[in-house]
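Please look over the sequence and the structure shown here, and then follow the explanation below.

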Amino acid sequence: QAELPRSSPLPPFDVCARPAAMGKVHGSLARAGKVKNQTPKVAKAEKKKSLTGRAKKRFVYNRRFVSVVKGGPKRGPNSNMK
């Protein structure tokens, strides 16, 4: 087998090279849930019951087609711009 001339002075490298520590990428399980546990607990606020059935269809129709503001740029359904 003839040796091919190399154009670069760098040593050859393996294309399928793997990291030295196999599988240890995301840290130890001792720190699992750290951020969630140190976040202060906030009680859920009370909100009114959501509409169902015909009443919901009526609400969505009115929101989309009846009470739209003419003129100005279109806004998405979650926009807070006035």
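What volume does the largest pocket have? In this predicted model, where local features need pLDDT of at least 70, side-chain atom pairs count only at pLDDT 80 or more and totals for chains, interfaces and linings use all residues, the largest pocket has a volume of about 700 Å³. A pocket here is an open set of points on a 1 Å grid over the protein atoms alone, with protein on both sides within 12 Å along at least five of seven lines. The lining of the largest pocket comprises 16 residues, and those nearest its centre are Arg 63, Val 68, Val 69, Arg 75 and Gly 76. Residues are numbered from 1 along each chain as its sequence is written, and side-chain values use heavy atoms, with hydrogens and water left out.

Turning to the chain as a whole, there are 2 helices and 0 strands, these being DSSP runs of at least four residues (H or I) and at least two (E), respectively. Of its 82 residues, 1% count as buried, a term that means under 20% relative accessible area with a 1.4 Å probe and protein chains only, whereas exposed means over 50%.

Phe 65, which has its place in helix H2 (residues 54-66), is exposed, with a relative accessible area of 57%.

Notes: On a 1 Å grid over the protein atoms alone, a cavity is a set of points where a 1.4 Å probe fits but cannot get out, and a pocket is an open set with protein on both sides within 12 Å along at least five of seven lines; lining residues have an atom within 4 Å of a point. Grid points are joined across faces, edges and corners, and a volume is the space filled by probe spheres set on the points.
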